[in-house]
Amino acid sequence: MIGILLAAGSGRKLWPYAEVRNKCALPVGNTPAVRRVAEQLLEAGCAGLVVVTGERASSVRAALAGLEERIRYVEQPRPEGTADAALRALETAGDAPWVVAYGDVVTTPETVAAAVQAARRAEAPAAAVAQPLDGERTGDWITASVTDGALTGFQGHGRGGTHRLGGLFALQEAALPYLRANPGVMTHVPVGGMPPLEAELAESLARMADDGLPIAALEPSGFLVDLDKPWHVLEANRALLADLAERTEGDSIGDGARVAESAEVHGKLVLAPGAVVGERVVVKGDLWLGPGASVTNGSIVGARCMVGAGGRVRDYALLGSDSVLGPHSVCGHGAEFEGTLLEGAYLYHYCEINGVVGARVDIGAATVCGTLRFDDDEAPQRVGGRRERPLVGSNASYLGDYSRTGVNSVLMPGVKVGAYSCVGPGVVLYDDLPSRQLVLVKQELERRPWGPERYGW
């Protein structure tokens, strides 16, 4: 059986993290999302994969490097939707059954394996992983209800439904005509809904259900996060670390790794070769260190943290719980950080950062990200033209790749900084800063005579 991976979307709602990469190549737990689901599909028994690429395809290919012998690439020349992308792959993938996965879904191996097994069993014309909403707003997702084990009442960004589609589908031959007959717009929307002109895979499933073909509902095993918006990066990393903690039975110390006698450790250590936990370090929970990564000289690390290959936490730095630091990132003297750092991000010293920091971002000394508002409310976020208040990370800050801050800059709760942008020294940033822009303080100085005579000399 061939697995289908869809990795062609633009990721516009994930700004500022889809400027320099396809959103499927965004790392979670220091592994690109598309790489994680590709390996899970192969481990679940898929003989090979057809990967559909589109915008920023090179980042997807780079994320899947080393798997080329088991992958065939298909291009979607224009962003015409997931049904169009799936159809392009299915027509080159051989006979049914097929399992289709969105490349930006982060979940457990068991969930992916359940979709593969459902395709093999062929008990229904189609099956889809559906995540219970559990307090999430239905208007944020394509939803359905579960009736006698089948999905019914599909609706795009409406007010109904008990589950949201989870980006994993098992398809039989009977689904193919519905993909080909997709109308190119989601018609299963509430009155007044405004769906974009794109062929949505869920619309094909909805039409199958309308014709009486059952769509089997598969509930995920453990967590499932769709990387749709910036705060989902925080949500996915937290869920992944919690899952890893449950799976980790004890310490694992690689060749050449060492733990100083003066270190205070209150969790499990998973240290790759050459990793170091140094003198006077305090580790409050489970810690995963990649090859050559180090936590040294009195640093304090919260519960469930991960540092990628060559990453450095040093000189009394403080990491909050559920933080993930990318390869070769630095959290230096007196720096306080909680959230996700991507590769090579640089917090040299004396800063307080909470949120997602993109690749190679340079944080100036004394930069502060505010996390509490005077009204104790959650900051509203804007995605495109829509305002919303996320359930996770609403007051966090989001700095795009290759951006930087000057000394003593302040980012107010919920602010996003675009890729390649710069927040100048002393700036208090209240609103999102678009990509490729510099913002500076315009300072007015007043000069007066001054000297000893002012003190009576």
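What we have here is a predicted model, in which local features need pLDDT of at least 70, side-chain atom pairs count only at pLDDT 80 or more, and totals for chains, interfaces and linings use all residues. Residues are numbered from 1 along each chain as its sequence is written, and side-chain values use heavy atoms, with hydrogens and water left out.

I will start with the aromatic pairs, of which the structure holds five; rings of Phe, Tyr and Trp (its six-membered ring) pair if their centres lie within 6.5 Å, and planes under 30 degrees apart count as stacked, over 60 as edge-to-face and the rest as tilted. One of these pairs joins Trp231 and Tyr398, whose ring centres are 6.3 Å apart with the planes at 65°, so the pair is edge-to-face. Because Trp231 lies in helix 7 (residues 231-247) and Tyr398 in strand 35 (residues 397-399), the pair ties together parts that are 167 residues apart in sequence; helices (H or I, at least four residues) and strands (E, at least two) are DSSP runs, numbered from the N terminus. Trp231 is buried at 3% relative accessible area, and Tyr398 is buried at 0%. Another edge-to-face pair is formed by Trp450 and Tyr455, at 6.2 Å centre to centre and 90° between the planes, but here Trp450 is exposed at 63% and Tyr455 is exposed at 61%.

Let me turn to the interior. In soluble globular proteins, nonpolar side chains tend to be buried together. A nonpolar core, as used here, is a set of buried Ala, Val, Leu, Ile, Met, Phe, Trp, Tyr and Cys residues joined through side-chain atoms within 4.5 Å. The largest such core has 71 residues, and those with the most contacts inside it are Leu5, Leu41, Leu49, Phe169, Leu171 and Leu205. A second, separate core of 39 residues includes Ala257, Val301, Cys369 and Val423.

Which residues does Phe169 contact, leaving aside its neighbours within four places in sequence? Counting contact as heavy atoms within 4.5 Å, they are Trp98, Val99, Val100, Tyr102, Ala127, Ala128, Leu201 and Leu205. Leu201 and Leu205 are also among the buried residues of helix 6, a helix (residues 201-210) that is mostly covered, with seven of its 10 residues buried. Just after helix 6, Gly212 takes a positive phi of about 90°.

Cys305 belongs to strand 23 (residues 305-307) and is buried, at 0% relative accessibility. Beyond residues up to four places away in sequence, Cys305 touches, among others, Trp288, Leu319, Ser321 and Asp322.

A cavity, on a 1 Å grid over the protein atoms alone, is a set of points where a 1.4 Å probe fits but cannot get out, and lining residues have an atom within 4 Å of a point. The space in the largest cavity is about 30 Å³, a volume being the space filled by probe spheres set on the points, which are joined across faces, edges and corners.

How values were computed:
Buried means under 20% relative accessible area, exposed over 50%, partly exposed in between (1.4 Å probe, protein chains only). On a 1 Å grid over the protein atoms alone, a cavity is a set of points where a 1.4 Å probe fits but cannot get out, and a pocket is an open set with protein on both sides within 12 Å along at least five of seven lines; lining residues have an atom within 4 Å of a point.
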